[in-house]
2 protein chains.
Amino acid sequence: MHTSNAPLDAIAFRGAMSRLGAAVNLVTTNGPGGFGGFAATAVCSVTDSPPTLLVCIQRASSAYAAVAANRVLCVNTLDLAHQGLAALFGGKTPTLEREAAAEWQCLATGAPVLPDARVAFDCRIASQWTVGTHDVLVCEVQAIAVAESRGAGLLYIDRMYATIAPIEVE
Amino acid sequence: MHTSNAPLDAIAFRGAMSRLGAAVNLVTTNGPGGFGGFAATAVCSVTDSPPTLLVCIQRASSAYAAVAANRVLCVNTLDLAHQGLAALFGGKTPTLEREAAAEWQCLATGAPVLPDARVAFDCRIASQWTVGTHDVLVCEVQAIAVAESRGAGLLYIDRMYATIAPIEVE
């Protein structure tokens, strides 16, 4: 085991976090602030009463102004088939090109819903907190959409895309 | 695509969340409030300045009092080999039995570190917010430990344990 308790630098932390795998999602918004979208792994469930999840967003990101103005977002959880879309929303792609990359639908809030997302959570931002360079968005789920065919989930771990392999429960 | 924008119930939300895969972690604590530990998928990175992650904890959980009293915790990210340990920390196992389940080490804060964790984040709780039935713990990372041999990560998705399968990047 390699250990470190010297003051932790950002690079060491990012390297360590890369070992914790996570689902890849497109977080999208639309409304008075315009379209915005980014790829995110920092999404997690908080409580089911009321149905609530968290999304972490970098305040310097290109999508931040639109998310902050619109106060709605959709978490679109990706399948293996969406790997190209994940890369497009994770890079420096201009916003117009991101918007043109799919035939978005909408549910309750008007946030863009990817039609074949593994699952889509259409949310209203209920509150938010600033932590360093990021905001933590507390999102109340207003509507959900579930793909009829269930592909293999897209993951990001060890700085690579990956997918799911079933195992036997011991 | 099945959609729902009727008022969402907890069961529908939990079913939808099960489609979003996540790494399985043991969150552990020790100190004046005693040992506590639980299996958690609701862990995510927030910012690297300072190195900070979030953990969501149900206030009704058996580990809550110890975490709240100790103000320190370790996020131990699990490998496939830890599936039995994950089940033990996810069920109704008494606290003493959880504590006896591994040869815990410690780093900076005294929170229990699983020696062969994929990665372990030793944290001090910097702040916390209540959201419904849960608290969101904002944790500043004080030290990290990385396993020398890197096994396959343990995931929970579609209500089953799973592991990682590499794919080619498109």
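Predicted model: local features only at pLDDT ≥ 70, side-chain atom pairs only at ≥ 80, totals over all residues.
Ser18(B) is buried, with a relative accessible area of 15%, which places the residue under the 20% limit used for burial. Chain A can be superposed on chain B by a rotation of 180° with 0.0 Å of shift along the axis, at an RMSD of 0.0 Å. That is the relation of a two-fold axis.

**The loop between α1 and β2**

- Ser18(B) sits in the loop of chain B that runs between α1 (10–17) and β2 (22–23).
- Leaving aside residues up to four places away in sequence, Ser18(B) touches Ile157(B), Asp158(B) and Arg159(B).
- In chain A, the loop between α1 (10–17) and β2 (22–23) holds Arg19(A).
- Arg19(A) has a relative accessibility of 7% and therefore counts as buried, the limit being under 20%.
- Apart from residues up to four places away in sequence, Arg19(A) touches Ile157(A) and Asp158(A), together with Thr77(B), Arg118(B), Val119(B), Val146(B), Ala147(B) and Arg150(B).
- The C-alpha atoms of Arg19(A) and Ala101(A) are separated by 30 Å, the two residues being 82 residues apart along the chain.

- Val24(B) belongs to the loop between β2 and β3 (25–29) of chain B.
- With 4% relative accessibility, Val24(B) counts as buried.
- The contacts of Val24(B), not counting residues up to four places away in sequence, include Ala40(B), Thr41(B), Asn76(B), Thr77(B) and Leu78(B).
- Also among the residues that Val24(B) touches are Ala86(B), Leu154(B), Leu155(B), Tyr156(B) and Tyr161(B).
- Val24(B) and Ala87(B) are 63 residues apart along the chain, and their C-alpha atoms are separated by 10 Å.

**Backbone geometry**

- Most residues other than glycine have a negative phi, and most peptide bonds are trans.
- Asp158(A), which is not a glycine, has a positive phi of about 55°.
- Asp158(A) is placed in the loop between β10 (154–157) and β11 (160–166) of chain A, and at 17% relative accessibility this residue counts as buried.
- Arg159(A) also has a positive phi, near 60°, in a residue other than glycine.
- The loop between β10 and β11 of chain A contains Arg159(A), which counts as exposed at 53% relative accessibility.
- Ser49(A) and Pro50(A) are joined by a cis peptide bond with omega of about -5°, and Pro50(A) lies in the loop between β5 (43–48) and β6 (51–58) of chain A.
- In chain B, a cis peptide bond with omega of about -5° joins Ser49(B) and Pro50(B), where Pro50(B) is in the loop between β5 (43–48) and β6 (51–58).

**Overall form of chain A**

- Four helices and 11 strands are assigned in chain A.
- Along the principal axes, the C-alpha atoms of chain A fill a box of roughly 50 × 40 × 35 Å.
- Of the 170 residues in chain A, 55% are buried.
- Among contacts in chain A with a separation of 6 or more, 64% are between residues 24 or more positions apart.

**Surface, charge and interface**

- Chain A exposes about 6800 Å², of which carbon and sulfur atoms supply 53%.
- There are 10 positive and 14 negative side chains in chain A, and the centres of the two sets are 9 Å apart.
- The copies meet through the same surface, because 100% of the interface residues of chain A are also interface residues in chain B.

Methods
Residues numbered from 1 in each chain as written. Chains lettered and ligands numbered in written order. Heavy atoms only, no water. Helix = DSSP H or I, 4+ residues; strand = E, 2+ residues; numbered from the N terminus. Buried < 20%, exposed > 50% of the residue type's maximum accessible area, 1.4 Å probe, protein only. Contact = heavy atoms within 4.5 Å. Areas by Shrake-Rupley, 256 points an atom, 1.4 Å probe, with all protein chains shown as cover. Lys, Arg positive; Asp, Glu negative; His and termini not counted. Charge placed at Lys NZ, Arg CZ, Asp CG, Glu CD. Least-squares fit on C-alpha atoms with pLDDT ≥ 70 in both.
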